[in-house]
Amino acid sequence: MNDTTDLEQEEYKMTKKQRALEIIERLKKEYPQADCTLEYDQAWKLLVSVRLAAQCTDARVNVVVEKLYEKFPDVNALAGASVEDIEKIVHPCGLGNSKARDISACMKMLRDNYGGNVPDDFDKLLALPGVGRKSANLIMGDVFGKPAIVTDTHCIRLVNRMGLVDGIKEPAKVEKELWKIIPPKEGNDFCHRLVDHGRAVCTARTKPFCDRCCLQDICKKTGV
């Protein structure tokens, strides 16, 4: 005997795009504030923070960068700093040497090529040392208000679990698939809300709290 309700059967038949639009609307109600959890007040600072955030919590990054900016308060100061001096401050974020090298090289390029400003062009952002697609999308969306999809670990895990993509783990491929079903104006905030939802409800290290999830009737629960 099939014990699924008619409603559940209809929800299961939703196309990926229909499911995506419904998920977007429900997450808007659940998490009305869609903000980046990295703290910054200038574009270059977000570039620094997102590089430090690799394999490190945003909370720790927010503490570490305060010390970094006390000593090097602007692009020119940070560009002129030695890699060793940068590493001494950022080492609590892990991978200190490689992150310090990238930050140093990135700030030098901003200083020398862009007058200390962060370019608002995706390809130019990708050309900056230490900046990948995830970071470039974050800058485009949060700083410049342009369409963006940030495929971080929360995004990749949740969109697979929800059934918006099918078993795809490579960030660039996930991004490509999401562009097909997520309206451009919604992408950036949607990804921020996935982070909130992934931390609060659809957790990775424990069993997700499906019983109190606002998406429980339309989520495919893949892998749960």
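Reader: What volume does the second largest cavity have?

Author: The second largest cavity has a volume of about 50 Å³. A volume is the space filled by probe spheres set on grid points, joined across faces, edges and corners. This is a predicted model, where local features need pLDDT of at least 70, side-chain atom pairs count only at pLDDT 80 or more, and totals for chains, interfaces and linings use all residues. Residues are numbered from 1 along each chain as its sequence is written, and side-chain values use heavy atoms, with hydrogens and water left out.

Reader: What makes a space a cavity and not a pocket?

Author: On a 1 Å grid over the protein atoms alone, a 1.4 Å probe fits in a cavity but cannot get out, whereas a pocket is an open set with protein on both sides within 12 Å along at least five of seven lines. Lining residues have an atom within 4 Å of a point. The whole structure holds two cavities of 30 Å³ or more.

Reader: Which elements give two or more residues to the lining of the second largest cavity?

Author: Helices α3 and α7 (96-114) do. Four residues, the largest share, come from α7. Arg51 and Asp102 are among the lining residues. Helices here are DSSP runs (H or I, at least four residues; strands are E, at least two), numbered from the N terminus.

Reader: What makes Lys88 and Asp85 a salt bridge, and where do they lie?

Author: Their side chains meet at 3.8 Å, N to O. That is within the cut-off, so the name holds. Both lie in helix α6 (residues 83-90), three residues apart, about one turn of the helix.

Reader: Is Lys88 buried or exposed?

Author: Lys88 has 60% relative accessibility, so Lys88 counts as exposed. Asp85, at 26%, is partly exposed.

Conventions. Salt bridge = Lys/Arg side-chain N within 4 Å of Asp/Glu carboxyl O. Buried < 20%, exposed > 50% of the residue type's maximum accessible area, 1.4 Å probe, protein only.
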